[in-house]
Amino acid sequence: VVAWGWNVWGQTNVPDVLASPVKANGIAAGLMHSLALRSDGSVVAWGSDNSGQWQVPAEAARRIVAISSLGHHSLALKDNGSVIAWGGNDQGQTNVPDQAKSGVVAVAAGFGHSLALKSNGTIVGWGYDYFGESTPPAEAAGGVVSIDAGWHHSVALKADGSVVAWGYNAYGEATVPAAAKSGIVAIDTGSGHTLALKSNGSVVAWGGLNAYGQTTVPDDANKD
């Protein structure tokens with residue numbers, strides 16, 4: 001693992017233990033902390049610990065297959081389909097509900113909410129829900145294959161290649177454009193914007209009011 005950027009809380013000071021193999025795609029960045037999933041199934045955290053976010057619980061010391069973080073909390077998915085959560089819990093984002101204690105295949109941590117995707121294609125959400133970000137709409141009640149969580153919005157990719165988004169929408173981040181309603185193969189979220197990768201290799205971006213150009217996809221991102 002190599003880390004760089006803002007380091008006020010040591011979030012880019014990669015610990016020595018990560019000199020050994022890290023699982024492919026096994027990294028996650030929170031607001032002030034960082035996570036890595038090692039190839040032996042253990043989780044390593046570093047950076048700010050103001051909410052206990054790098055105090056990885058014993059249950060996450062082995063058999064972890066996926067991790068996620070955005071705000072002050074972290075999520076880990078075990079190989080038995082159960083979810084472990086730790087760190088900031090001011091909105092109940094680490095209070096894993098019974099529905100997320102088995103049959104889960106993916107997790108996504110928002111700023112103050114958490115999502116879990118179940119093997120039957122349904123989503124379980126908990127934590128902050130003032131904008132409805134942890135309450136999936138009817139369109140996301142089944143057939144979901146991938147999830148992600150932004151600052152206060154959530155996104156789901158369905159098996160038919162369409163995207164569903166909900167929650168905070170002041171910047172249009174939950175208003176899915178026509179171009180993202182078919183042919184999508186991957187999704188990602190920023191704090192107030194959303195990205196989708198199409199099967200033809202092109203990228204669709206929306207939300208954020210584009211104040212920093214975050215939804216102006218450069219030509220190089222739409223070439224083979």
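**The whole chain**

Keep in mind that this model is predicted. The protein chain contains 15 strands and zero helices. Its C-alpha trace spans about 45 × 40 × 30 Å along the principal axes. The radius of gyration is 17 Å, and because a compact globule with 224 residues would have a value near 17 Å, the two agree.

Of the 224 residues, 49% are buried. The exposed surface comes to about 10,300 Å², and carbon and sulfur atoms supply 52% of it. On the charged side, there are 11 positive and 17 negative side chains, with the centres of the two sets 8 Å apart. If you take the contacts between residues at least 6 apart in sequence, 39% of them join residues at least 24 apart.

**A closer look at S69**

Now find S69, which sits in strand 4, covering residues 64-69. Is S69 buried or exposed? Its relative accessible area is 9%, under the 20% cut-off, so S69 counts as buried.

Leaving out residues up to four places away in sequence, S69 touches A28, A29, G30, H33, L35, S74 and A109. The side chain of S69 also has these polar contacts:

| Partner of the S69 side chain | Distance |
|---|---|
| Side chain of H33 | 3.0 Å |

Notes:
Residues are numbered from 1 along each chain as its sequence is written. This is a predicted model: local features need pLDDT of at least 70, side-chain atom pairs count only at pLDDT 80 or more; totals for chains, interfaces and linings use all residues. Side-chain values use heavy atoms; hydrogens and water are left out. Helices (H or I, at least four residues) and strands (E, at least two) are DSSP runs, numbered from the N terminus. The radius of gyration is taken over C-alpha atoms; the globule rule is 2.2 Å times the number of residues to the power 0.38. Buried means under 20% relative accessible area, exposed over 50%, partly exposed in between (1.4 Å probe, protein chains only). Contact means heavy atoms within 4.5 Å. Accessible areas come from the Shrake-Rupley method with a 1.4 Å probe; for residues, only the protein chains shown count as cover. Lys and Arg count as positive and Asp and Glu as negative; His and the chain ends are not counted. The place of a charge is taken as NZ of Lys, CZ of Arg, CG of Asp or CD of Glu. A polar contact is a pair of N or O atoms within 3.5 Å; within protein, one must be able to donate a hydrogen and the other to accept it, and residues adjacent in sequence count only if both atoms are side-chain atoms.
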